[in-house]
Structures are given as C-alpha cells and as structure tokens.
Amino acid sequence: MYNKRVPLEEGDFYENEQGYKVFTAQFHLKRGHCCKSGCKHCPYGYDKKTDSFQ
C-alpha cells in the first residue's frame, strides 16, 4: 500500500544522541495511521512486543 509522503515541519522530529531522526507523536498523527514499527512516540498505542494496540 503506497502512502502519500508527509512533508516534515518543525516539531515533527528530533535527532537523538546517535544522530537519528526520531519522529514525534505530532508527526505520527499527521501521517494518520500506525506503521506497526514500534515507534517510540506512537500515539496509537501499538506495542511491537505483543503486536497489539493498547
């Protein structure tokens, strides 16, 4: 399933100590769905360990 690219804006991510982009809940909500990747700031309540939403 192809999803339209969401343009990044201020507050959508920050860089961690290793230099990786970490997406915020703000970005995930703009995207409009859960990707089931176990994102750190997932606003949808997905738990990768149990493969379920809480």
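**Fold and backbone features of the protein chain**

Among contacts in the protein chain (contact meaning heavy atoms within 4.5 Å) between residues at least 6 apart in sequence, 8% join residues at least 24 apart. The structure is a predicted model, in which local features need pLDDT of at least 70 and side-chain atom pairs count only at pLDDT 80 or more, whereas totals for chains, interfaces and linings use all residues. Residues are numbered from 1 along each chain as its sequence is written, and side-chain values use heavy atoms, with hydrogens and water left out.

The protein chain holds one helix and four strands, where helices (H or I, at least four residues) and strands (E, at least two) are DSSP runs numbered from the N terminus. Read along the sequence, these elements follow the pattern β-β-α-β-β, and the C-alpha trace spans about 30 × 30 × 15 Å along its principal axes. Of the 54 residues of the protein chain, 11% count as buried, a class defined as under 20% relative accessible area, with exposed set at over 50% and partly exposed in between (1.4 Å probe, protein chains only).

The accessible surface of the protein chain comes to about 4600 Å², of which 51% belongs to carbon and sulfur atoms; accessible areas come from the Shrake-Rupley method with a 1.4 Å probe, and for residues only the protein chains shown count as cover. With regard to charge, the chain has 9 positive and 7 negative side chains, and the centres of the two sets lie 6 Å apart. In this count Lys and Arg are positive and Asp and Glu negative, while His and the chain ends are not counted, and the place of a charge is taken as NZ of Lys, CZ of Arg, CG of Asp or CD of Glu.

Two backbone positions are described next. Most residues other than glycine have a negative phi. Lys36, although not a glycine, has a positive phi of about 60°; this residue is placed in the loop between α1 (25-31) and β3 (46-47), and Lys36 counts as partly exposed because its relative accessibility is 45%. Asp51, likewise a residue other than glycine, has a positive phi near 50° and is found in the loop between β3 and β4 (52-53), where Asp51 counts as exposed, at 51% relative accessibility.

Thr24 lies in the loop between β2 (21-23) and α1, and with a relative accessibility of 17% Thr24 counts as buried. When its neighbours within four places in sequence are left aside, Thr24 is in contact with Gly11, Asp12, Phe13, Tyr14 and His41.
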